[in-house]
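Please look at the sequence and the structure together while I go through them.

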Amino acid sequence: MVGMDAHVVGGGIGGLATAVGLTQAGWRVRVSERAPALSSDGTGLLLWPDVLRALDALGLGERLRRLAVPQPPGTLRRDDGRVLARVDPERVRRRVGDVPHVVARPDLLSVLFEALPEATVRFGVTAPVEPDADVLVGADGARSAVRRRLLGVRYGLRETGTTAWRVVVDAPTSTAGEVWGRDAKVGYTPLRGGRTYFYAVLPTRERRPDGDDHAVLLDWFGRWPEPVPSLLRQADPARLLRHPLHRLAPRLPRYVGARTALVGDAAHTMTPDLGQGACQALLDAVTLARCLTGVSGSEDVAAALRDYDRARRRPSQRIAAAALWTGRISTARHGAGVRDVLVRAAAALAG
Ligand SMILES: Cc1cc2nc3c(=O)[nH]c(=O)nc-3n(C[C@H](O)[C@H](O)[C@H](O)COP(=O)(O)OP(=O)(O)OC[C@H]3O[C@@H](n4cnc5c(N)ncnc54)[C@H](O)[C@@H]3O)c2cc1C
């Protein structure tokens, strides 16, 4: 392979991981990131075992496992405290050899960034959307301009009507859990360093005229089962992140052009209900780099991109659809009784 080069638009999880994979495959890579520096925002991300294996393929899995916390056993409960299902990560280990791990988003970004040769990433640069390299990778997130150029304005973000609040609480929890109510849910899981990642989902209309998000959460969840109220009381209101939730629709007919590929949220923005957005971005990145390994001309590139599309489009779109349904079911306003019976039956069957 002689001197193939890639321009990656976006230095988030998908863009940096793609850059690591392509660099290791011998490509000359530059990343353009419009933010002035590596993002230090964000809370916790669940990394599933298949993603940890993908990170192993980049030589980064062990480092991430050291920075992450293996997901502890936990429960799925109703807002009256009744247990709907028990979550035992050891069952996952018995099936696939590892347990899900929870990592702080800034730690994941740093590990990816540090795996790149110096000066690969140019910060403060808004990249062009036309290919100016052998391959242009659109890793520019949910509002991707590269996607718009490739497929037009028909494909865009749709609001789900729900909003997620997330915060890292400087207090420990020993278990992970989700609690489902009518119209709302919360979840919590330990992070490294005695901290806890806490998230809540509510209808977007739930706002106070004074904009006090912490008070909204205390009003809703102050009487939910522990540790929900105590975690909320210990949360620093200034660190609460609030995101209206979106999905990408309709689903994209392709993730690639002759010299362009979309990865991550640019290709499949999904709701966070299965904790899969970043995971799917990482799987895209590793797969794209594998498909482009060893290619040496424009015909090879086009064929490799088609392989990438075949490998990643359907699986990631299935996960996005499943996440949307999980979100709808877990925060259902009506029929919560039927939902709870079904969840308990499914958990009993799963053993
Ligand atoms: C509430 C919530 C909870 C979540 N929880 C989880 C979880 O537990 N597990 C999980 O796997 N995922 C989770 N996610 C999803 C996850 O955060 C995203 O899927 C993931 O960050 C997508 O990565 P990305 O690189 O595709 O996009 P982004 O992280 O959005 O990165 C895109 C980058 O491109 C840059 N950019 C955009 N346009 C340009 C341009 N023209 N030129 C240059 N740069 C540009 C942006 O500045 C940005 O840095 C969650 C999301 C939400 C909202």
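This is a predicted model: local features need pLDDT of at least 70, side-chain atom pairs count only at pLDDT 80 or more; totals for chains, interfaces and linings use all residues.

Let me begin with a question: which residue in β13 does Gly 187 stand opposite? The residue is Tyr 199. Residues are numbered from 1 along each chain as its sequence is written.

A word on names is also needed. Helices (H or I, at least four residues) and strands (E, at least two) are DSSP runs, numbered from the N terminus. Two strands pair if DSSP finds at least two bridges between them.

The pair I began with belongs to an open sheet of 7 strands, ordered β6-β5-β11-β12-β13-β10-β14, with mixed pairing. At the edges stand β6 (83-87) and β14 (241-249); each has a single partner strand, so one side of each is left without a neighbour in the sheet. From one strand to the next, the twist averages 20°. For such angles, axes are lines fitted to C-alpha atoms, for helices over the stretch in contact, and angles run from 0 to 180 degrees between N-to-C directions.

Strand β12 (residues 185-191) runs antiparallel to β13, and 7 bridges join the two. Helix α7 (residues 213-221) packs on the sheet, where it touches β10, β12, β13 and β14, and its direction makes about 80° with that of β13. Another bridge partner in this pair of strands is Val 201 in β13, which belongs to Lys 185. The hairpin of β12 and β13 has 3 residues between the strands, and in it Gly 193 takes a positive phi near 80°.

A residue is called buried if 20 or more other C-beta atoms lie within 10 Å of its own, exposed if 12 or fewer, and partly exposed in between, with C-beta atoms placed from the backbone. In β13, 7 of the 9 residues are buried. Ala 200 lies in this strand, which covers residues 195-203. Why does Ala 200 count as buried? The reason is that Ala 200 has 25 C-beta neighbours inside 10 Å. Two residues are in contact if their C-beta atoms, placed from the backbone, lie within 7 Å. Neighbours within four places in sequence aside, Ala 200 is in contact with Trp 165, Ala 184, Val 186, Leu 217 and Phe 221. Phe 221 is 21 residues from Ala 200 along the chain, and their C-alpha atoms are separated by 9.1 Å.

I turn now to the other open sheet. This sheet has 5 strands in the order β8-β2-β1-β9-β15, with parallel pairing. Here β8 (121-123) and β15 (260-262) stand at the edges with a single partner strand each, so one side of each is left without a neighbour in the sheet. Within the sheet, β1 (residues 5-9) pairs with β2 in the parallel sense over 5 bridges, and Val 9 has Ser 32 in β2 as its bridge partner.

Next comes the interior. A nonpolar core is a set of buried Ala, Val, Leu, Ile, Met, Phe, Trp, Tyr and Cys residues joined through C-beta atoms within 7 Å. The largest has 93 residues, and Leu 47, Ala 261, Val 263 and Leu 282 have the most contacts inside it. Helix α10 gives the most to this core, with 11 residues.

In the shell around the ligand, α10 supplies the largest share, 4 residues. In total, 32 residues surround the ligand, the closest being Gly 10, Gly 12, Gly 141, Gly 264 and Gly 277; a residue is near a molecule if its C-beta atom, placed from the backbone, lies within 6 Å of it.

I close with the backbone. Most residues other than glycine have a negative phi, and most peptide bonds are trans. A cis peptide bond joins Glu 226 and Pro 227, with omega about 10°, and Pro 227 is placed in the loop between α7 and α8 (228-234). Another cis peptide bond joins Ala 249 and Pro 250, with omega about -10°.
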